[in-house]
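This report describes one protein structure for a reader who is new to the subject. Please keep the sequence and the model in view while reading.

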Amino acid sequence: MGVYNVHERLIGAKQSEVGALIDTLSGGEDDRLWPGHLWEEMEFDRPLGVGAVGGHGPVRYTVVAYVPGTWVRFAFTGPRGFHGFHEYTALAVDAERTVLRHTLAMSVSGVSRITWPLAFRSGHDAVLEDSLDRAELACTGTIARPARWSPYVRFLRSLERLVSRPTQAGRV
């Protein structure tokens, strides 16, 4: 099964400003693009650059291409059955407007043929819209149309909290 998924936002800022957000991808305090305050934090074994290995939650990848201030591509290494890449690109429209685009292109096999549409796709769409909100806010100081989680995403996030809730000592 092939998956091609694109999220993009026109941001009223120079390409250099929007592209600089890509360079902050790290999951750390200085990350101005990834919504780690709402989702699993992005993490890498070294600073962003070709060969850096990391991911977020169960999604794992390696940086396979990087043009600072412009583009970064990640090749999937997990979960099993994800074959392809995802990337962020900052594309100048004119001197004062830039499209920030996230593209996911992959094929899925095995159990991922079930987990992608049932568990991952909706969360992926939501986290990307949250990321684009962060970019717009960082560059313009406002978000014209903030993303909203669907009822299905809220349901999945509730299940995730329920499953990951720590057990109380002494309870069986």
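## The hairpin between E4 and E5

Strands E4 and E5 form a hairpin with 3 residues between them, and Gly-69 in the turn has a positive phi of about 75°. The names of strands (E, at least two residues) and helices (H or I, at least four residues) refer to DSSP runs, numbered from the N terminus. E4 is joined to E5 (residues 71-78) by 7 bridges, and these strands run antiparallel. Within this pairing, Tyr-61 stands opposite Phe-76 in E5. Two strands are said to pair if DSSP finds at least two bridges between them.

The model is a predicted one, in which local features need pLDDT of at least 70 and side-chain atom pairs count only at pLDDT 80 or more, whereas totals for chains, interfaces and linings use all residues. Residues are numbered from 1 along each chain as its sequence is written, and side-chain values use heavy atoms, with hydrogens and water left out.

## The sheet as a whole

In what order do the strands of the open sheet stand? The 7 strands follow the order E1-E7-E6-E5-E4-E3-E2, with antiparallel pairing. E1 and strand E2 (43-44) each have a single partner strand and stand at the edges, so one side of each is left without a neighbour in the sheet. As a general rule, strands of a sheet pair through backbone hydrogen bonds, either parallel or antiparallel.

A hairpin is also formed by E3 and E4, with 2 residues between them; in its turn, Gly-57 has a positive phi of about 55°. Strand E3 (residues 53-56) and strand E4 (residues 59-67) run antiparallel and are joined by 4 bridges. Gly-55 has Arg-60 in E4 as its bridge partner.

## Strand E7 and its partners

E7 pairs with E6 in the antiparallel sense over 12 bridges, and a hairpin joins E6 to E7 through 2 residues. Two pairs of residues mark this pairing: Leu-91 stands opposite Val-99 in E7, and the bridge partner of Tyr-88 in E7 is His-102. E7 is also joined to E1, by 10 bridges, and these two strands run antiparallel. There, Leu-10 stands opposite Val-99 in E7.

Is E7 mostly covered or mostly uncovered? E7 is mostly covered, as 9 of its 12 residues are buried (under 20% relative accessible area, with a 1.4 Å probe and protein chains only; over 50% is exposed, and in between is partly exposed). Thr-103 is found in this strand. Thr-103 is buried because its relative accessible area is 7%. Not counting residues up to four places away in sequence, Thr-103 touches Tyr-4, Asn-5, Val-6, Phe-85, His-86 and Glu-87; contact means heavy atoms within 4.5 Å.

## Arg-9 in strand E1

Arg-9 has its place in strand E1 (residues 2-11). Arg-9 counts as buried because its relative accessibility is 12%.

Leaving aside neighbours within four places in sequence, the contacts of Arg-9 include Thr-98, Val-99, Leu-100 and Leu-132.

## Two prolines in loops

Pro-47 lies in the loop between E2 and E3. Pro-47 is exposed because its relative accessible area is 70%. Pro-47 and Asp-23 are 24 residues apart in sequence, and their C-alpha atoms are 9.5 Å apart in space.

Pro-79 is found in the loop between E5 and E6. The peptide bond from Gly-78 to Pro-79 is cis, with omega near 5°.
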